[in-house]
Amino acid sequence: MIIDCHGHYTTSPRQHEGWRTQQIEAHAAGKAPPPRPSITDDELRETIIGGQLKLQRERGTDLTIFSPRAAGMGHHLGDASTSEGWAAACNELIHRVCTLFPKNFIGVGMLPQSARVSPKNCLAEIDRCVNEYGFVGINLNPDPSGGHWQDPPLGDRYWYPVYEKMVEYDIPAMVHVSAACNPAFHTTGSHYLSGDTTGFNQLMTSSVLKDFPSIKFIIPHGGGAVPYHWGRYRGLAQDAKLGLLSEIMLKNVFFDTCVYHLPGQELLAKVIPVDNILFASEMIGAVRGIDPETGHHYDDTKRYIDQLPLSPADKAKIFEGNARRVYGRLSKQIEKQTGL
Ligand SMILES: [Zn+2]
């Protein structure tokens, strides 16, 4: 089985996104949001069949761990109740997609975060996602302000209520920012990658991984700048007397393969142990074009893994085994949804 651990519902129905606009406008006008639009199962099917499902089939992948559109999380918009309403609507749609296509999608939830609002606010939605929807992970935004970094770093006890839930349920968090509202950052070109890199560094310089020995984080987009600068982080950890980087980080921190060229994948696989690499493409996502150098889509990342000089056993870890290990509830959920 080939498990893509990083996909977002970037093709969600127009009325869902339209409701979001109305919700934000209502908040700005000091009014209650309108009721949510009704969306039929057929409308949902249509958004998936010609999109993510088609690409799964064309590219030979089996299952996508699927979450709401990341740039659309917009934790900097509205207030805590706006985020609650939006996260609830987005997660419910993911659950419906997973119910309609149980063999192809398993859910991960977005959180109702807001800048400078305690993450305790997210606990009820995590409960719902796990207990009612069968989701197997969460996306945790280290910067709900959208590029102004107004919340404490991930090492701060501020975040511990979420970490306690993650450990209780055995669900990992993908450290994933949303859209940047700071014009200094391009959302997918710089804010995402700096969010990944910053999240890793915040965890490295904290006691989170000691305080929660079984907690798991996935750093997406190939780990941002981290694998490329592994020597820098090894040296920083050494200078700060934190211990050996691989020993302090690699029991808990994993990297996905959303790297859109072969040389980047080669570097990832050379620097990071195969046990810490999870296959992912983030399709349909940030980069949708075809690479003129290869004639293939940049985000068809399976092709790069296929070309790596790794044994079939190591590739199986990247494609399937590591995802089943890192997402502790995944194998049971696969059984439940597919009967396999
Ligand atoms: Zn993403």
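Strand pairing, zinc site and helix packing

User: In which sense do strand 4 and strand 5 pair?

Analyst: The model is predicted. Strand 4 and strand 5, the latter covering residues 138-140, are joined over two bridges. At least two bridges are needed for strands to count as paired. The sense of the pairing between strand 4 and strand 5 is parallel.

User: Which residue is the bridge partner of Met-110 in strand 5?

Analyst: Strand 4 covers residues 109-110, and Met-110 has its bridge partner in strand 5. That partner is Asn-139.

User: In what order do the six strands of the open sheet stand, and which of them are at the edges?

Analyst: The six strands are paired in parallel, in the order 4-5-6-7-8-9.

User: What is the arrangement of the four donor atoms around the zinc ion?

Analyst: His-6, His-8 and His-176 coordinate the zinc ion through NE2, and Glu-282 through OE, at 1.9 to 2.0 Å. The angles subtended by the four donor atoms are 99 to 120°. Four donors qualify as tetrahedral if all angles lie between 85 and 135 degrees. The arrangement is therefore tetrahedral.

User: How many residues apart are His-8 and His-176?

Analyst: Along the chain, the zinc donors follow the spacing H-x1-H-x167-H-x105-E. His-8 lies in strand 1, whereas His-176 lies in the loop between strand 6 and helix 7, so the pair links distant parts of the chain. Both His-8 and His-176 are buried. Their separation is 168 residues.

User: How many residues of strand 1 are buried?

Analyst: Buried means under 20% relative accessible area. By that cut-off strand 1 is mostly covered. The buried count is seven of seven.

User: Which residue in strand 2 stands opposite Asp-4?

Analyst: Strand 1 runs parallel to strand 2 (residues 63-68), and five bridges join them. These strands belong to an open sheet with the order 1-2-3. Opposite Asp-4 stands Thr-64.

User: Are helix 1 and helix 4 roughly parallel or roughly antiparallel?

Analyst: The axes of helix 1 (residues 14-28) and helix 4 (residues 80-100) come within 11 Å and cross at roughly 170°. Residues that meet across the pair include Trp-19 and Ile-24 from helix 1, and Trp-86 and Leu-93 from helix 4. Angles over 145 degrees count as roughly antiparallel. The relation of helix 1 to helix 4 is therefore roughly antiparallel.

Note on methods
Residues are numbered from 1 along each chain as its sequence is written. This is a predicted model: local features need pLDDT of at least 70, side-chain atom pairs count only at pLDDT 80 or more; totals for chains, interfaces and linings use all residues. Side-chain values use heavy atoms; hydrogens and water are left out. Helices (H or I, at least four residues) and strands (E, at least two) are DSSP runs, numbered from the N terminus. Donors are N, O and S atoms within 2.8 Å of the metal (3.2 Å for Na, K and Ca); water is not among the atoms, so sites may look incomplete. Four donors count as tetrahedral if all angles lie between 85 and 135 degrees; four count as square planar and six as octahedral if opposite donors are over 155 degrees apart and all others between 65 and 115; anything else is irregular. Buried means under 20% relative accessible area, exposed over 50%, partly exposed in between (1.4 Å probe, protein chains only). Axes are lines fitted to C-alpha atoms, for helices over the stretch in contact, and angles run from 0 to 180 degrees between N-to-C directions. Angles under 35 degrees count as roughly parallel, over 145 as roughly antiparallel, 65 to 115 as roughly perpendicular and the rest as oblique. Contact means heavy atoms within 4.5 Å.
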